[in-house]
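The following exercises concern a single protein model. Please examine the sequence and the structure before working through each solution.

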Amino acid sequence: MKLQHPSEELIQQYALGENLEDKIAADHVAACEQCSIAAANYRLLFAAVKQEPEPAFDFNVTELVLHKLPLPAANIAKNKAPGNMMMLIAVFFVIVPLYFFRKFFINVAGGVSSASLLIISVAAIMIVVYRSIDMYKKYQKQLDKLNFH
Ligand SMILES: [Zn+2]
């Protein structure tokens, strides 16, 4: 007799009356009190499962589940995520050319001193960065809301 009990799967196969390829395991289950009890329990369980009718819902599961979902939050998160991404891409395409053509813009500004132009630029970038962080935080909050439900 094997000291180790065979796997639950093998015991289940034995309980189902299948011929176990592992002869040692089959002999073990037959001889071992613990495994015999397990096999008997599986037999009872399988018999009970067979008697149960096929599980069928007499209601529309999808409709019921969808009704319970926080639909507005889900929609906002879905719609805003690509929107935020587009915004960030747009910001990227504005800031990068501004950076490379900064000398040109300073010349265009002419009378305006480069110091005040720099302050205006920094302020504009700060606003964009602040807005991006704000949007990201909002998006994160919506995601948290979704995960909570
Ligand atoms: Zn055993």
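**Exercise 1.** In what order do the elements of the protein run from the N terminus on?

*Solution.* The model is a predicted one. Starting at the N terminus, the elements follow the order α-α-α-α-α-α-α.

**Exercise 2.** Determine what share of the protein counts as buried, and which residues of helix α1 are buried.

*Solution.* The cut-off is 20 or more other C-beta atoms within 10 Å of the residue's own. Step two turns to helix α1, which spans residues 8–15. Its buried residues are L10, I11, Q13, Y14 and A15. Step three asks where these residues pack: their partners are α2 (23–31) and α3 (33–51).

**Exercise 3.** Describe how α1 and α3 cross, and which residues make the contact.

*Solution.* First, consider the geometry: the two axes come within 8 Å and cross at roughly 60°. The crossing of α1 past α3 is right-handed. Next, list the residues: α1 supplies I11, Q12, Y14 and A15, while α3 supplies C35, A38, A39, Y42, R43 and F46. Finally, sort them by class: eight are nonpolar, one is polar and one is charged.

**Exercise 4.** Which residue just after α1 takes a positive phi?

*Solution.* The residue is G17, with a phi of about 85°.

**Exercise 5.** Among contacts between residues at least 6 apart in sequence, what percentage joins residues at least 24 apart?

*Solution.* For the protein, the value is 63% of such contacts.

Conventions. Residues are numbered from 1 along each chain as its sequence is written. This is a predicted model: local features need pLDDT of at least 70, side-chain atom pairs count only at pLDDT 80 or more; totals for chains, interfaces and linings use all residues. A residue is buried if 20 or more other C-beta atoms lie within 10 Å of its own, exposed if 12 or fewer, and partly exposed in between; C-beta atoms are placed from the backbone. Helices (H or I, at least four residues) and strands (E, at least two) are DSSP runs, numbered from the N terminus. Two residues are in contact if their C-beta atoms, placed from the backbone, lie within 7 Å. Axes are lines fitted to C-alpha atoms, for helices over the stretch in contact, and angles run from 0 to 180 degrees between N-to-C directions. A crossing is left-handed if the near helix is turned anticlockwise from the far one by less than a right angle, and right-handed if clockwise. Ala, Val, Leu, Ile, Met, Phe, Trp, Tyr, Cys and Pro count as nonpolar, Asp, Glu, Lys and Arg as charged, and the others, Gly among them, as polar.
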